[in-house]
Amino acid sequence: MVEFDGYAWHSDRRTFDDADDPGVRHPSFDVRRVGTDVSVTFAGVPTGHEFTSLVLALLQVGGHPPKVDAEVLERIRGLDGEHRFETYFSLSCQVCPDVVQALNVVSITNPAITHVAAVPRVQSRFSLILAALPRKPRR
């Protein structure tokens, strides 16, 4: 995470923490709303179509409202208990960005729910088989 260290100095709104926490994947980073529990975590660096998930997370954590019906947001706020979701996605998966972005909205709307989006390099460490993911038929 050393490459993020230089960015923290450009603004007092960014911080850098190189703590060796065994519960945190490396590399990873949080997009966090200052003074709140609202955050989204990315394990690895999102590229390809998942870069859109990062941009939307930046906007939504920053306070830009997600394009979700008010009734759905109220149902998310009403969910009881703490829940932790981890999404392992593949750059070849066509539905992964929608899943990642939906869980980001859930975790931003209800801080008792956390979400970690793990990019392929992290996912391959866990030897996950992605064959079960729905795929678009090839033409």
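Reply: Let's start with a charged pair: the side chains of Arg-77 and Glu-74 meet in a salt bridge, 2.8 Å from N to O. That term means a side-chain nitrogen of Lys or Arg within 4 Å of a carboxyl oxygen of Asp or Glu. Before we go on, this is a predicted model, where local features need pLDDT of at least 70 and side-chain atom pairs count only at pLDDT 80 or more, while totals for chains, interfaces and linings use all residues. Residues are numbered from 1 along each chain as its sequence is written, and side-chain values use heavy atoms, leaving out hydrogens and water.

Me: Where do Arg-77 and Glu-74 lie?

Reply: Both are in helix H3 (residues 70-77), 3 residues apart, which is about one turn of the helix. Helices (H or I, at least four residues) and strands (E, at least two) are DSSP runs, numbered from the N terminus.

Me: How many salt bridges does a search of the whole structure find?

Reply: It finds 3. One of them joins Asp-30 and Arg-32 at 2.9 Å, N to O; Asp-30 is partly exposed at 40%, and so is Arg-32 at 46%. Arg-84 also pairs with Glu-86, their closest N and O atoms being 3.1 Å apart.

Me: How do strands S3 and S4 pair?

Reply: Strands pair if DSSP finds at least two bridges between them. S3 (residues 83-88) and S4 (residues 113-118) run in the parallel sense over 6 bridges, with His-83 opposite Ile-113 in S4. Together with helix H4 (residues 96-109), S3 and S4 make a right-handed β-α-β unit. Right-handed means that, with the strands pointing away from the viewer, the path from the first strand over the helix to the second runs clockwise.

Me: What about the nonpolar core?

Reply: In soluble globular proteins, nonpolar side chains tend to be buried together. A nonpolar core is a set of buried Ala, Val, Leu, Ile, Met, Phe, Trp, Tyr and Cys residues joined through side-chain atoms within 4.5 Å. The largest here has 15 residues, and Val-40, Phe-42, Val-61 and Phe-89 have the most contacts inside it. Strand S1 (28-32), strand S2 (39-43), helix H2 (51-61) and H4 each give it two or more residues. A second, separate core of 5 residues includes Leu-73 and Ile-113.

Note on methods:
Buried means under 20% relative accessible area, exposed over 50%, partly exposed in between (1.4 Å probe, protein chains only).
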